[in-house]
Amino acid sequence: MAGPRNISISEASRPVLPRHAKLRYDETRKVWVILAPERVLAPDEIAVEVLQLCNGERNVGEVADQLAAKYAAPREAILADVIAMLQDLADKGFLAEAREKTP
Amino acid sequence: MSDVPLVTPPAASDSLAVLEKSRSTAETFGIPLAVLLEITHRCPLQCPYCSNPIELDRSAKELTTDEWKKVLSELAEIGVLQVHFSGGEPTARKDLVELVKHASDVGLYTNLITSAVLLTREKLGELADAGLCHVQISFQGIEEGLADRVAAYKGGHRKKLEVAKWTRELDLPLTVNAVMHRQNLHQLPEIIQMSIDLDADRLEVANVQYYGWALKNRAALMPTVAQLDECTRTVEDARERLKGRLTIDYVVPDYYALRPKKCMGGWGRQFFNISPAGKVLPCHAAESITGLDFLSVRSNHSIAWIWQNSDAFNRYRGTGWMKEPCKSCEFREIDFGGCRCQAFALTGDAANTDPACALSPLHETIFKQAEAEAEGETNRFLYRNFAGGTLESENGA
């Protein structure tokens with residue numbers, strides 16, 4: 001079954017795109033898209049980068065660490081932006097919590 | 001199948017815009033993001049509001065497996081991202097798993113729009129393995145008495161509930177498609193609850209649109225203004241209450257509106273569908289407009305060529321074809337004069353303003369007629385079938 005609904009994104013969350021939301025590069029229009037039921041979303045560059053880092057193993061804090069290092073930007077500001085973007089996606093129903101890793 | 005709203009955009013935010021062509025002029029258009037494939041008109045249900053044309057394609061005319069595969073490859077190649085397998089009942093085709101597999105192989109996102117009554121758990125599993133991304137199941141009501149009567153299919157409602165459960169057990173996302181009209185609108189709150197109980201991700205509250213079969217059944221289906229207002233309140237309340245849990249798309253009937261709907265995002269601008277026999281159509285009701293020559297994928301032309309150059313697509317594309325009051329209207333690029341099929345059905349000329357628009361000289365008459373029908377006593381259905389329809393018996397059996 002799908003992960004819990006009403007996901008609240010925090011620094012410790014390990015979000016991933018659910019099976020029904022697919023991040024894909026659209027060769028025709030030269031943009032990244034998220035394909036979802038009856039929807040095509042166009043994430044911006046940063047959103048794409050965040051989603052590519054959300055592999056189910058990294059938590060949101062670690063994603064912010066990576067971006068802060070890469071862009072030499074203040075971590076707190078980046079973290080707030082990342083959480084806002086992911087929460088927006090979660091509220092639309094296009095984000096799941098990664099399942100606990102089986103040992 | 002029921003009416004299928006496509007790519008209804010949620011509120012766009014900065015980082016996550018909805019990909020919709022925000023072109024400034026009406027005359028330019030790109031390849032649609034999603035295409036509806038009506039792979040058969042065969043269906044075990046006989047819903048009186050079916051969006052298929054009155055004149056249904058017989059199975060002998062249907063595209064073959066290889067022809068559909070070629071269509072799927074071509075669609076992916078020209079930039080279509082999603083396909084909806086619909087009908088009729090798409091699972092009535094024995095090659096559905098093969099078609100879904102092929103669509104996945106060429107990179108298309110696949111939706112199944114189904115009545116569910118022909119599905120087995122095994123078949124659904126095969127579809128999931130073939131890469132199916134999303135299942136949309138139509139519901140006719142909340143309990144079998146009404147639901148099975150609307151569909152004229154005994155045991156249908158119970159089967160739908162079962163298939164919905166399997167869908168979630170297979171970890172496929174589920175959309176409940178509830179087609180609403182006067183005789184079931186009172187069940188909307190329970191339908192919303194049912195969607196939650198079934199663990200659906202999305203609910204489409206699709207009020208019947210009145211063309212083809214539904215137009216023939218208008219007197220039995222048209223809701224009252226009061227019902228519709230209540231429906232809108234219920235949807236708005238549920239959307240707020242269930243944010244992040246259940247996405248609700250809402251399609252209102254336009255007879256009671258002041259502004260017409262931007263039907264299909266404008267003729268030939270964002271959408272086409274392919275009929276069982278392979279015709280490329282600007283909307284699933286387009287064949288109801290006589291005098292237009294719709295080209296088939298069996299013709300010598302590519303799908304992209306048909307979309308861009310065929311007379312049928314260019315006839316009502318943009319604004320050049322418009323007459324008054326559309327021609328000089330400030331909303332002409334907002335709603336493109338509403339729905340061409342509805343204009344044709346109600347006025348006899350598809351180039352007239354859709355009477356759903358308050359600026360149409362016929363608006364008042366149509367509105368009054370709808371209101372009178374909604375208050376009427378006619379509840380008998382004319383069921384959809386290949387024989388041109390069968391009237392429900394007096395005792396509702």
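Q: What makes a crossover right-handed?
A: Point the strands away from you. The crossover is right-handed if the path from the first strand over the helix to the second runs clockwise. This model is predicted, and chain B holds a case: S2(B), H1(B) and S3(B) make a right-handed β-α-β unit.

Q: How many bridges pair S2(B) with S3 of chain B, and is the sense parallel or antiparallel?
A: Strands count as paired once DSSP finds at least two bridges between them. Here S2(B) and S3, residues 82–86, pair in the parallel sense over five bridges.

Q: Which residue in S9(B) is the bridge partner of Leu36(B)?
A: Asn273(B) is that partner. S9 of chain B covers residues 272–274, and S2(B) pairs with S9 in the parallel sense over three bridges.

Q: How should I read the two faces of S2(B), covered or open?
A: Start with the general idea. In a regular strand the side chains alternate between the two faces of the sheet. Now the case. Ala34(B), Leu36(B) and Glu38(B) lie on one side of S2(B), and Val35(B) and Leu37(B) on the other. Both faces are covered. Five of the five residues in S2(B) are buried.

Q: Where does UniProt place the feature "binding site"?
A: The record puts this feature at Cys43(B), Cys47(B) and Cys50(B). The entry is unreviewed. Cys43(B) sits in the loop between S2 (34–38) and H1 (65–78) of chain B. Cys50(B) also has its place in the loop between S2 and H1.

Q: Why does Cys43(B) count as buried?
A: The cut-off is 20 or more other C-beta atoms within 10 Å. Cys43(B) counts as buried because it has 26 C-beta neighbours inside 10 Å. Cys50(B) is buried too, with 27 such neighbours inside 10 Å.

Q: What is the order of elements in chain A?
A: From the N terminus on, they run β-β-β-β-α-α-α-β. That comes to three helices and five strands. Of the 103 residues in chain A, 35% are buried.

Q: How far apart in sequence are the contacting residues of chain A?
A: Take contacts between residues at least 6 apart in sequence. Of these, 57% join residues at least 24 apart.

Q: Is Lys30(A) buried or exposed, and what is its phi near?
A: Phi of Lys30(A) is near 55 degrees, a positive value in a residue other than glycine. Lys30(A) lies in the loop between S2 (22–26) and S3 (31–36) of chain A. The exposed limit is 12 or fewer neighbours. Lys30(A) is exposed because 7 other C-beta atoms lie within 10 Å.

Q: Is Glu38(A) buried or exposed?
A: Glu38(A) counts as buried, with 21 C-beta neighbours inside 10 Å. Its phi is positive as well, near 60 degrees. Glu38(A) lies in the loop between S3 and S4 (39–43) of chain A.

Conventions: Residues are numbered from 1 along each chain as its sequence is written. Chains are lettered from A and ligands numbered from 1 in the order in which they are written. This is a predicted model: local features need pLDDT of at least 70, side-chain atom pairs count only at pLDDT 80 or more; totals for chains, interfaces and linings use all residues. UniProt positions are given in the numbering used here, feature names are shortened, and annotations may be inferred rather than shown by experiment. Helices (H or I, at least four residues) and strands (E, at least two) are DSSP runs, numbered from the N terminus. Two residues are in contact if their C-beta atoms, placed from the backbone, lie within 7 Å.
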